[in-house]
Amino acid sequence: MSMQFAVTPTDHPTSDKARAEILANPAFGKVFTDHMVTATYTEGQGWHDGVLTAYGPTLVDPASVVLHYGQTVFEGMKAYRQPDGGVSLFRPERNARRMAKSSERLALPQLPEELFLESLELLVKQDQAWVPNGEGASLYLRPFIWATEVGLGVRPSASALYQLIASPSGNYFSGPLRPVSLWLSQEYTRSAPGGTGAAKCGGNYAASLIAQQEAIANGCDQVVFLDAGEHRWLEELGGMNIFLVLDDGTLVTPEVSGTILEGITRDSIITIAKDLGHTVEERRVDVDEWRKGAVDGRVVEVFACGTAAVITPIGALRWPGGEAVAGTGEPGTITMKLRNALMDVQYGRAEDTYGWMRRVV
Ligand code: PLP
Ligand code: COI
C-alpha cells in the first residue's frame, strides 16, 4: 500500500491562549483539535486521496448508505504525554486490527494497519500541542470508517471514507474519580450470538441508548447488560468491560465469546494482574455470583474498564426493587492498584516491560 497523506495545515489555528484554556479543563470528546485525517476508498481503486487538513464538516449526500443502514465502524484510543514532554500511543496496532475485524463484520473495506498507524502519527505530530499534561488527561483519538455510496439498495457500499479526529480529554465520568452505579437491564440486550456485539460499530451504541436512558431514570450512572439467551450471564456495559474481584484476590471477567467487545484495556489488565500475582479467570459470570457474593463477602470489588473509562470503580448494582454493593462501595484497593499500574505504563512513569507504548513525538 503506497498511499501518501498530503498535508495541508489549517490557516486559522486555535490561539495558544484559547488552547491553554481548553487543555486546563478538558471534558470528554467535546472539543476537537485543529486538524483531521481523511482517506477515501473506492471499489476497484482501493484507498486513495489520504489528506491531513483543517478540522471541519464533511459534505454528506442524504442518500449515503451510512445514514440509512448504519454501515460504519470506529475505534477509540489515546495519546499520552510522557514525563520528558514526548507523546506515546498505547497498543495502537491492537486498535488497527480490531477496526479491521469490525470492518470485516460490517462488510466495509479494511484499512491496512500501516495506513492506520501512519494516520495516527501524522495527526498526533501535527496537533501535539493539544496533548494535555494533567493527571488522567490525554488526547483521545477517534478513527472511523463510514459508507458513502449514494443509493438506497441494501448492499455493502462500494465507497467509504476513513476519518481520524482528536479531542483533548479528561475523565469520562465528570469530576473526581468516584464509584459509578450500574442499572441491570431487565428488558434490553446489546448483543446476541451471531450479531455485531464483538464489533465496534455505531449500531451497537445506538441500541444501548434506551437502556442507558433507563439507567439514568433509575438514578444509575451506566447500564450493564446480560446475555440475550438466558438473561443470566454478565456481558459488559454500553462502552466498557467488567471485572469482579474475589476475596482471595482472584479476578473474574466475562470470557470473549463473540458477544462482547474484546477490550484492549481488558487484555492489558489481565496481563498486569497476572504479573502482580493474581489469578485471572475468563469465564461465564452469573450475575447472581455478584449479587450473592456482595452479601456473603465473596465479591469484594467490581470495576469497569475501557480506553475512555480507564479503570472505574463500580459501587452499587441496582435492579427493580433491589441493590447489591460489593465490599464497601468505595474504590477497592485492588481496583486502584491495577488502575495505577496501568496508568503508570501509559504515562511513562513505569518501565514499558510489555512493549505496549509507541512513541510518536
Ligand atoms: N466494550 C465496549 C462496548 C466499548 O465500546 C469499549 C470501548 O472501547 C470497551 C468495551 C473497552 O475497550 P478498550 O479497552 O479497547 O477501549
Ligand atoms: C472508548 O473507551 O474508547 C469508547 O469507545 C467507549 C465510548 C466512549 C464509546
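**View 1. Lys-200 meets ligand 2.** An oxygen atom of ligand 2 is 2.8 Å from an N or O atom in the side chain of Lys-200. This is a polar contact (a pair of N or O atoms within 3.5 Å; within protein, one must be able to donate a hydrogen and the other to accept it, and residues adjacent in sequence count only if both atoms are side-chain atoms). The model is predicted: local features need pLDDT of at least 70, side-chain atom pairs count only at pLDDT 80 or more, totals for chains, interfaces and linings use all residues, and side-chain values use heavy atoms, with hydrogens and water left out. Residues are numbered from 1 along each chain as its sequence is written, while chains are lettered from A and ligands numbered from 1 in the order in which they are written.

**View 2. The backbone also reaches ligand 2.** A backbone N or O atom of Ala-308 lies 2.8 Å from an oxygen atom of ligand 2. For Thr-307, a backbone N or O atom lies 3.4 Å from an oxygen atom of the ligand. On its own, ligand 2 has 280 Å² of accessible area, and the protein covers 88% of it. Such areas come from the Shrake-Rupley method with a 1.4 Å probe; for residues, only the protein chains shown count as cover.

**View 3. Residues surround ligand 2.** Among them are Phe-28, Phe-74, Tyr-140 and Arg-142. A residue belongs here if one of its heavy atoms lies within 4 Å of the ligand. The shell divides into six nonpolar, three polar and two charged residues.

**View 4. Polar side chains contact ligand 1.** A polar side-chain atom of Tyr-205 lies 2.4 Å from an oxygen atom of ligand 1. Glu-236 places a polar side-chain atom 2.5 Å from a nitrogen atom of ligand 1. Lys-200 has a side-chain N or O atom 2.8 Å from an oxygen atom of this ligand. Taken alone, ligand 1 exposes 380 Å², and the protein buries 96% of that.

**View 5. The shell of ligand 1 holds 16 residues**. The closest include Ile-264 and Thr-265. Five shell residues are nonpolar, seven polar and four charged.

**View 6. Arg-91 and Asp-267 form a salt bridge**. Their side chains meet at 2.9 Å, N to O. The pair links distant parts of the chain, 176 residues apart: Arg-91 is in the loop between β6 (87–90) and α3 (92–105), and Asp-267 is in helix α6. A salt bridge is a side-chain nitrogen of Lys or Arg within 4 Å of a carboxyl oxygen of Asp or Glu. The structure holds 25 salt bridges.

Conventions:
Nonpolar A, V, L, I, M, F, W, Y, C, P; charged D, E, K, R; others polar. Helix = DSSP H or I, 4+ residues; strand = E, 2+ residues; numbered from the N terminus.
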